[in-house]
Structure formats: C-alpha cells, structure tokens
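Trainee: I've got a structure open and I'd like to learn how to read it. Can you walk me through it?

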Amino acid sequence: MPETAPLVEAVDSLADRFRSMPQSRLLGAVPGHPSRAVAALALARWLAAAAQSAEGGPVREFPDAGAFVVGDQLAVAGHDLAAALAALPAEAPVPLPEPLGGPAPAATVLTAALAEVAATTTLCT
C-alpha cells in the first residue's frame, strides 16, 4: 500500500490556494491554459481519471463546474485518488488510459500524481 499522505497534503494545500484566490487571479492566463482555473480543472480531471482507473471503473470526464469551485474539485479528486491508491499494494497494476501514461503500478501512479500537483502548483502560484 503506497503512502498517500503526501498527496493529500499537496492537494489540500493547492485546493486552499484556489479557494482563496481572487477572481482576477483565477481567471488570469498561465502558460498552456487560458486561466489558472482551467489549469486546476485539468489537474482535477487527471486526478479523477487516475482514481477511477485505480478503482477499476470506467473513466468519466470530471465536469466543469466553474472557476469558483475548482479548489473543491481538486480536493475531491485528490482525496479520491489517495483513497483508491491506499487500498492497493504498491505494485498493483492501475489500468491508466494512454492519455494519462498507460498502465502503471500504484506506486508509480502516486509519484505521477504528486508530480502533476507540483507542476500545477508551480504554474499557478
């Protein structure tokens, strides 16, 4: 079972930043995205798809509920992934879809998730 506390902490920290971000910053463009909110939604969608894959279910697109809830969406998706990975042995295969990097062991998915959160944190702060 991979240690998922670092993922929960990183996601919670980033989610809190988005929850307290003023509208002008939320809607401000960042490299590769028309706004910080869109970048955060892309991360939430990545985390949600990874969680759904780890749970063995079909991958459904995480909805766009608007810029002002993206912090909550990050928290939900990150916590879902952490819970799904915590239930698996570190070497258990997770059938990630190809856009997310393809099948990988749970420990590798956790490492990739942490890297995605770190990259979005750097991009949006």
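Trainee: Let's start with one residue. Does S53 count as buried or exposed?

Mentor: One quick note before that: this is a predicted model. As for S53, its relative accessibility is 3%, and the cut-off for buried is under 20%, so S53 counts as buried.

Trainee: Where is S53 found, and which residues is S53 in contact with, leaving aside its neighbours within four places in sequence?

Mentor: You'll find S53 in helix α3. Skipping those sequence neighbours, S53 touches V59, V94, P95, L96 and P97.

Trainee: Next, the core. How many residues does the largest nonpolar core have?

Mentor: That core has 43 residues. Four helices each supply at least two of its residues: α1 (5-20), α3 (36-54), α4 (70-86) and α5 (106-124). The largest share comes from α3, with 13 residues.

Trainee: What is F18 in contact with, if I leave aside its neighbours within four places in sequence?

Mentor: Look for L26, R36, A37, A40, V70, G71, L74 and C124 around F18.

Trainee: How are two packed helices described?

Mentor: You give two things: the angle between their axes and the distance between the axes. Take α1 and α3 here: their axes come within 12 Å and cross at roughly 150 degrees. An angle over 145 counts as roughly antiparallel, and that is why α1 and α3 are described that way. The crossing of α1 past α3 is left-handed.

Trainee: Which residues make that contact between α1 and α3?

Mentor: From α1 you have V11, L14 and F18, and from α3 you have R36, A37, A40, L43 and L47. By type, the contact of α1 with α3 has 7 nonpolar residues, no polar ones and 1 charged.

Trainee: And at what angle do α1 and α4 pack?

Mentor: About 170 degrees, with the axes 8 Å apart. Therefore α1 and α4 are roughly antiparallel too. On the α1 side, the residues that meet α4 are L7, V8, V11, D12, L14, A15, F18 and R19. On the α4 side, they are V70, G71, D72, L74, A75, G78, H79, L81 and A82. The contact of α1 with α4 divides into 11 nonpolar, 3 polar and 3 charged residues.

Trainee: Let me try some residues at other spots. Where is T4, and is T4 buried or exposed?

Mentor: T4 sits in the segment before α1. With 11% relative accessibility, T4 counts as buried. Leaving aside neighbours within four places in sequence, T4 is in contact with A82, L85, A86 and L110.

Trainee: What about P31: buried or exposed?

Mentor: P31 has a relative accessible area of 65%, and over 50% means exposed, so P31 is exposed. P31 lies in the loop between α2 (23-26) and α3. Now compare sequence with space: P31 and L123 are 92 residues apart in sequence, yet their C-alpha atoms are 7.5 Å apart.

Definitions and conventions: Residues are numbered from 1 along each chain as its sequence is written. This is a predicted model: local features need pLDDT of at least 70, side-chain atom pairs count only at pLDDT 80 or more; totals for chains, interfaces and linings use all residues. Side-chain values use heavy atoms; hydrogens and water are left out. A nonpolar core is a set of buried Ala, Val, Leu, Ile, Met, Phe, Trp, Tyr and Cys residues joined through side-chain atoms within 4.5 Å. Buried means under 20% relative accessible area, exposed over 50%, partly exposed in between (1.4 Å probe, protein chains only). Contact means heavy atoms within 4.5 Å. Axes are lines fitted to C-alpha atoms, for helices over the stretch in contact, and angles run from 0 to 180 degrees between N-to-C directions. Angles under 35 degrees count as roughly parallel, over 145 as roughly antiparallel, 65 to 115 as roughly perpendicular and the rest as oblique. A crossing is left-handed if the near helix is turned anticlockwise from the far one by less than a right angle, and right-handed if clockwise. Ala, Val, Leu, Ile, Met, Phe, Trp, Tyr, Cys and Pro count as nonpolar, Asp, Glu, Lys and Arg as charged, and the others, Gly among them, as polar.
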